[in-house]
Amino acid sequence: MAEDSGAEKTEDASPRRLEKAREDGDVPRSRELATFAVLITAGAGLWMTGGSLVGRLSAALESGLSLDREQIYNPNVLLERIANDVGGVMLACLPLAFAIMLVALAAPLLIGGFNFSSKAFMPNFMKLNPISGLGNMFSANAMVEFLKAIAKTLLVGSVAWVVLMSQKEAVLGLAVEPLGAGTGHVADLMARAFLFIVGSLGLIALIDAPYQVWHYNNKLKMTRQEMIQESKESDGNPQIKAKIRQMQRQMARNRMMQNVPTADVVVTNPTHYAVALKYSDGQQGAPRVVAKGADEVAAKIRELAKEHKVALLEAPALARALYKHTEIDDEIPEKLYSAVAEVLAYVFQLRNYSKAGGQYPDRPTKLPVPPEMDPLNPASQANPDTNNGAH
């Protein structure tokens, strides 16, 4: 009963619910993955452009510290020189800054993809509710984030400690090294420490990204009652749809019944099936089926045929074949031409007898219905479709 009452979310989110979440700006994101991507880009950028960047910064520093008398007492020349030095530094830093900015924008899209929602910019005063805030502080997700922060701190701190301890002697030896060699050694030590620390963040991101996808899908799960309600809203109430289909069938049946008085003959089974055929002199193509039905509908067709003096012919095999292999307004199958031709010839002879008298026409009894067209004939068993509707 818990499932039916909506107390437990056991159903995966429907496409409509996922789409609505995206419209509201709710998509899975991993901050750890984005942080790792930005840091690894910054490290790789410094590795590739570090030499030229250090050279440019050194030149700017040297230029800023070496001023002649004319530059000191001429503000215009001084400002121009400062602008050139700052512009050069900014130009040297531009490729690295652009790469970091690009990755910072693209990294969140690694899971969840690009999504723009104007609803995300709308103020949500429910977030200012202190009760909801306290509930979020003590939620399962908040506990996971808290544990993740502790684990990240311990992991990064441990990696940094291990790296420093492994390079302790090298760090202490920097004090006695020449300036040039010491600078290069410091850069090497910092690069190694950075590599190991970012690697530990990569491990966290590798765990966090699948977790965020799982948490997002679990958050959007639905109860069975929500699934039923959404189905009603999107597809309509099943009871109403069934009623509409019933009305549509009734309307189609009424239209079909209106065609029975115009038919030339009704072929019967005699009780299970009734198929009304019509053929007009000079028309293109073969005779057409204007009405057909089984059981109660067949009885109604026979009743209308008698009421409007439409010829009735009992031909079980032909009636079964026509009912099985034709639809309303279809021409009869080519394999049934000969049998239907004999039926129509009998009907036309019957009309002439009614008008002019003479010898009563012989009722056709052995119509040439191919065995494979009759659903009850063993020859039709090779095709399972011929058995549908057989009595």
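Arginine 351 is partly exposed in this predicted model, with a relative accessible area of 36%. Its side chain meets that of aspartate 264 in a salt bridge, at 2.8 Å from N to O. The protein chain has 391 residues, and 27% of them count as buried. It holds 14 helices and four strands.

**The chain as a whole**

- The accessible surface comes to about 25,500 Å². Carbon and sulfur atoms account for 62% of that surface.
- Among contacts between residues at least 6 apart, 72% join residues at least 24 apart.

**Salt bridges**

- The count of salt bridges comes to seven. Three of them are described here, including the pair of arginine 351 and aspartate 264.
- Aspartate 264 has a relative accessible area of 7%, so it is buried.
- Aspartate 208 and lysine 148 form another salt bridge, at 2.7 Å from N to O. Aspartate 208 is in helix 9 and lysine 148 in helix 7, 60 residues apart. Both residues are buried.
- Glutamate 331 and arginine 288 also meet in a salt bridge, at 3.6 Å from N to O. Glutamate 331 lies in the loop between helix 13 and helix 14, while arginine 288 lies in strand 3, so the pair ties together parts that are 43 residues apart in sequence.
- Glutamate 331 is partly exposed, at 33% relative accessibility. Arginine 288 is partly exposed too, with a relative accessible area of 35%.

- Helix 7 covers residues 140-166 and includes methionine 143. Methionine 143 counts as partly exposed, at 47% relative accessibility.
- Helix 9 covers residues 179-219 and includes glutamine 212. Glutamine 212 has 12% relative accessibility, so it counts as buried.
- Beyond its neighbours within four places in sequence, glutamine 212 is in contact with Pro28, Arg29, Ser30, Ile111, Glu145 and Lys148. One of these, lysine 148, is also the salt-bridge partner of aspartate 208.

**Helix 3**

- Alanine 60 is in helix 3, which covers residues 31-65. Alanine 60 is buried, with a relative accessible area of 16%.
- Leaving out residues up to four places away in sequence, alanine 60 touches Asp85 and Val89.
- Asparagine 84 is 24 residues from alanine 60 in sequence. In space, their C-alpha atoms are 8.9 Å apart.

**Helix 12**

- Helix 12 has 12 residues, 296-307. From first C-alpha to last it reaches 17 Å, close to the 16 Å expected at 1.5 Å a residue.
- Its buried residues are Val297, Ala298, Ile301, Arg302, Leu304 and Ala305. Seen down the axis of helix 12, these residues fall within an arc of 165°, so they line one face.
- An α-helix has 3.6 residues a turn, so residues three or four places apart point the same way.
- Glu296, Lys306 and Glu307 are exposed on the other side of helix 12.

**Helix 13**

- Helix 13 covers residues 316-325. Leu318, Ala319, Arg320, Ala321 and Leu322 are its buried residues.
- Their cover includes strand 1 (265-268), strand 2 (273-278) and helix 14 (337-356).

**Positive phi values**

- Most residues other than glycine have a negative phi. The residues below have positive values.
- Aspartate 295 has a phi near 55°. It is found in the loop between strand 3 (288-294) and helix 12. With a relative accessible area of 37%, aspartate 295 is partly exposed.
- Lysine 309 follows helix 12 and has a positive phi near 60°.
- Aspartate 329 has a positive phi of about 75°. Its place is the loop between helix 13 and helix 14.

Notes: Residues are numbered from 1 along each chain as its sequence is written. This is a predicted model: local features need pLDDT of at least 70, side-chain atom pairs count only at pLDDT 80 or more; totals for chains, interfaces and linings use all residues. Side-chain values use heavy atoms; hydrogens and water are left out. Helices (H or I, at least four residues) and strands (E, at least two) are DSSP runs, numbered from the N terminus. Buried means under 20% relative accessible area, exposed over 50%, partly exposed in between (1.4 Å probe, protein chains only). The expected span of a helix is 1.5 Å times one less than its number of residues. The arc is that of the directions from the helix axis to the C-beta atoms. Contact means heavy atoms within 4.5 Å. Accessible areas come from the Shrake-Rupley method with a 1.4 Å probe; for residues, only the protein chains shown count as cover. A salt bridge is a side-chain nitrogen of Lys or Arg within 4 Å of a carboxyl oxygen of Asp or Glu.
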